[in-house]
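Colleague: I am new to this structure. Please take me through one part of it closely.

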Amino acid sequence: MKSIEIQKELETYVDPVKREYLPGFFKTGKGQYGEGDKFLGVVVPNTRIVAKRHKDIPFEVMAELLQSEWHECRLCALLMMVERFKKSDEKEREAIYRFYLSQTERINNWDLVDLSAPYIVGEYLRDKSRDDLYRLAESNLLWEQRIAVVATVTLIRNNDFTDILRLAELLLQHKHDLMQKAIGWMLREMGKKDRDLLLRFLDKYRMVMPRTMLRYSIEKLTEAERKYYMKR
């Protein structure tokens, strides 16, 4: 199976309305975070159908898909990795993880990160050193930073909060709203598991947290609590 054949398969699911809508939704204009990205107009469930069908293709073909100008081709390659990772032994999981980290420059929009990082990076690191998270967090590449943060949702859901707390402190003053939203989202997820821990973090940092990060982190609190924390 060649990458162009997979692209042609994706093209059978094109929705012209989505093709018009998605570039604006993913901020592809000049100077925006998704500048230059192109969309076939295929929704995620249909991309996932193709990915499941071809999850066992060689990494070389996945790499070709990740080099595609088409967003859905890149997403399809990532979803292939996710599907393959689920059914792999430890040796194969390590290979998928290493390959994924070698391709981060092409995991270059927030949905590409969010639909893959928790299920590959987060899952792989559950019982391993988290050094790679901090290497990614200290990168100059926005998408690597987001991978580091969003991957922690898998750890959080397994009651492991150490890394999101450290990463939130490390990236507390990040200027990009995509990172502020990601950190706030992960703190909110942590709060679902340990409300008191979230409140202690907010009590310590609410006066210096960017408002977007703060707003995302408190969404599940009571109205009175939200008003209190948003009041500076």
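Colleague: How many salt bridges does the rule find across the interface of domain 1 and domain 2?

Modeller: The rule finds two salt bridges there. A salt bridge is a side-chain nitrogen of Lys or Arg within 4 Å of a carboxyl oxygen of Asp or Glu. Asp132 pairs with Arg98 in a salt bridge, and their closest N and O atoms are 3.5 Å apart.

First, the ground rules. This is a predicted model, where local features need pLDDT of at least 70, side-chain atom pairs count only at pLDDT 80 or more, and totals for chains, interfaces and linings use all residues. Residues are numbered from 1 along each chain as its sequence is written, and side-chain values use heavy atoms, leaving out hydrogens and water.

Now the two parts. Domain 1 covers 1-105 and domain 2 covers 117-231; such bounds come from an automatic or database domain assignment. Their centres, taken over C-alpha atoms, are 26 Å apart. Domain 1 brings 15 residues to the contact and domain 2 brings 17 (contact means heavy atoms within 4.5 Å).

Next, the area. About 1,400 Å² is buried between the domains, and carbon and sulfur atoms give 70% of that. Buried area is the accessible area (1.4 Å probe) that two parts lose on being put together, summed over both. On the domain 1 side, Tyr33, Tyr97 and Tyr100 lose the most area to domain 2, together 42% of what that side buries.
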